[in-house]
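I opened the notebook today to look up how the pieces of this chain pack together. Here are my entries, in the order I made them.

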Amino acid sequence: MPPPQGPPPQMQWPRMDDPAGSMNRPLPDVVAPVPAPVPPVRADAPGGNDGRALRPGRMGPGGGRMGPEGGRTGRGRRAARSSPRRRRIRRTAILLATVLLSGSLGSYVWADTQLNREVDLSKIADRMPEGKGTNYLIVGSDSRVGLSEQARKDLHTGGSADAGRRTDSMILLHTGAHGTTMVSLPRDSWVTIPPYIRPDTGKHYPAAKNKLNAAFSFGGPDLLVRTIEQNTGLHVDHYTEIGFAGFVGIVNAIGGVPICLDKAVKDKKSGANLTKGCHTLDGRMALAFVRQRHQEAQGDLGRSQNQQKFLAALARKAAEPDTLLDPAKVYPTMSAGLGTLIVDEDTGLTNLTSLFKAMKGVTAGDGKRLNVPVSNLNLRTPKGSAVQWNEAKAKELFNELNDDRPVTVGEKG
């Protein structure tokens with residue numbers, strides 16, 4: 001191939017304000033690059049040209065590529081100016097996501113290590129076989145741990161901080177193919193407590209009839225789970241228990257829970273004093289509301305309905321974006337809840353999250369709130385007045401839950 005004749009072509013650099021000025025003179029020893037052909041842009045390509053292909057053109061003033069009719073498209077200049085900006089935005093987004101993810105993971109790990117897993121369901125004897133779906137036993141205890149003397153007075157809890165805890169409420173929550181079903185078990189339910197050994201004395205006791213909350217007093221969570229399983233036929237997959245202090249702390253941490261009442265609520269013993277209508281309950285008022293029963297026509301059954309209603313409202317409020325995305329609310333909420341929360345060894349934050357979503361789902365219509373069917377609210381027993389279940393309807397209800405079938409038994413709360 002013969003050597004090129006003459007000097008190589010030279011590129012001219014235009015001057016923005018004076019195209020005919022001295023800046024248009026050739027620059028020595030500068031070889032003009034040969035522009036690469038520009039491929040057509042497909043109509044479906046991101047950032048395309050509305051389906052029109054871009055054709056190569058000469059360079060116009062300011063570096064903009066000249067269009068087919070000689071007009072400047074300006075795409076080259078916009079691209080040069082916006083590309084670094086897009087890169088900065090992308091880097092910022094990645095950094096922010098990394099920080100948020102690290103914080104979330106750190107919070108998750110911290111919270112998971114704070115769970116008090118003192119209940120070992122695997123060591124409980126005579127368990128019921130597993131059914132379909134998942135069953136949570138939610139226990140509200142009257143533990144005063146974490147409450148000062150003044151707080152116990154303000155909350156109308158009585159007792160002392162070192163007094164043994166008792167069950168104040170018990171709810172079986174079932175999740176499965178047909179949504180969530182919350183079934184309250186009155187603490188005065190007349191049931192058969194299976195044989196047990198008192199952990200404090202080592203003394204053996206045979207099976208006997210008693211109130212349901214006596215099982216917790218005699219043998220703690222283990223005996224309570226055994227008693228509920230053997231009287232319902234349901235297998236308890238997860239156990240969660242929270243005391244008064246944790247309950248109050250959670251409600252206060254999320255800024256209160258809105259709830260509407262169709263009648264006034266006034267109970268001297270619990271301290272509840274609420275008018276008919278809508279309220280935002282703080283921790284003190286919320287505890288008084290879920291504990292009151294003396295003004296309820298159905299006693300414990302009425303209180304159980306209030307407890308289910310409040311728990312669903314609590315879950316709904318805690319799931320709102322302004323709560324979940326606000327660190328000032330999330331961390332106090334977690335700390336307050338973990339302070340008195342007791343779970344079984346197989347329960348982690350993922351299980352608690354599932355439980356939380358299930359409770360929230362009830363308020364969205366994805367589930368039911370029920371009381372166990374009852375035939376007598378004032379059964380006379382050697383242990384005082386008790387609640388007698390309707391055995392036929394209760395059995396049908398628990399069979400439906402065990403088989404994860406649609407629930408047709410029970411009254412809505």
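Before comparing helices, I noted how their angles are taken: an axis is a line fitted to C-alpha atoms, for helices over the stretch in contact, and angles run from 0 to 180 degrees between N-to-C directions. I also kept in mind that this is a predicted model.

**Entry: α5 and α6**

I began with α5 and helix α6, residues 300–318, whose axes come within 8 Å and cross at roughly 140°. I then listed the residues that touch: Ala286, Phe289, Val290 and Arg291 from α5, and Arg303, Asn306, Gln307 and Phe310 from α6. Sorted by class, this contact has 4 nonpolar, 2 polar and 2 charged residues.

**Entry: α4 and α5**

Next I turned to the other helix pair on my list. At what angle do the axes of α4 and α5 cross? I found roughly 125°, with the axes of α4 (residues 244–253) and α5 (residues 283–291) coming within 8 Å. Angles of 65 to 115 degrees count as roughly perpendicular and those over 145 as roughly antiparallel, so α4 and α5 are oblique to each other. I noted the hand of the α4 and α5 crossing as right-handed.

On the α4 side I wrote down Phe244, Phe247, Val248, Val251 and Asn252. They meet Gly283, Arg284, Ala286, Leu287, Val290 and Arg291 of α5. By class, the contact of α4 with α5 has 7 nonpolar, 2 polar and 2 charged residues.

**Entry: the sheet**

I then traced an open sheet of 7 strands and wrote its order as β1-β14-β9-β2-β3-β4-β15, with mixed pairing. Which strands stand at the edges? They are β1 (116–119) and β15 (367–371); each has a single partner strand, so one side of each is left without a neighbour in the sheet. From one strand to the next, the twist averages 25°.

I looked at one pairing in detail. Strand β4, residues 179–184, pairs with β15 in the parallel sense over 5 bridges. Threonine 181 stands opposite lysine 368 in β15.

Two helices packing on the sheet came next. Helix α3 (residues 212–232) touches β1, β2 (134–141), β3 (167–176) and β9 (238–242), and its direction makes about 30° with that of β3. Helix α9 (residues 349–363) touches β2, β3, β4, β9, β14 (342–344) and β15; the direction of α9 makes about 85° with that of β2.

**Entry: two aspartates with positive phi**

I reminded myself that most residues other than glycine have a negative phi. Aspartate 126 has a positive phi of about 55°, and I located it in the loop between β1 and β2. Aspartate 404 also has a positive phi, near 55°, and is found in the segment after α10 (391–402).

Is each of these aspartates buried or exposed? Exposed means over 50% relative accessible area, so aspartate 126, at 51%, counts as exposed. Buried means under 20%, so aspartate 404, at 15%, counts as buried.

**Entry: the whole chain**

I finished with the totals. I counted 10 helices and 17 strands in the chain. Of its 413 residues, 40% count as buried. Among contacts in the chain with a separation of 6 or more, residues 24 or more positions apart account for 63%.

Terms used:
Residues numbered from 1 in each chain as written. Predicted model: local features only at pLDDT ≥ 70, side-chain atom pairs only at ≥ 80, totals over all residues. Heavy atoms only, no water. Helix = DSSP H or I, 4+ residues; strand = E, 2+ residues; numbered from the N terminus. Parallel < 35°, antiparallel > 145°, perpendicular 65-115°, else oblique. Left-handed = near helix turned anticlockwise from the far one by under 90°. Contact = heavy atoms within 4.5 Å. Nonpolar A, V, L, I, M, F, W, Y, C, P; charged D, E, K, R; others polar. Pairing = 2+ DSSP bridges. Buried < 20%, exposed > 50% of the residue type's maximum accessible area, 1.4 Å probe, protein only.
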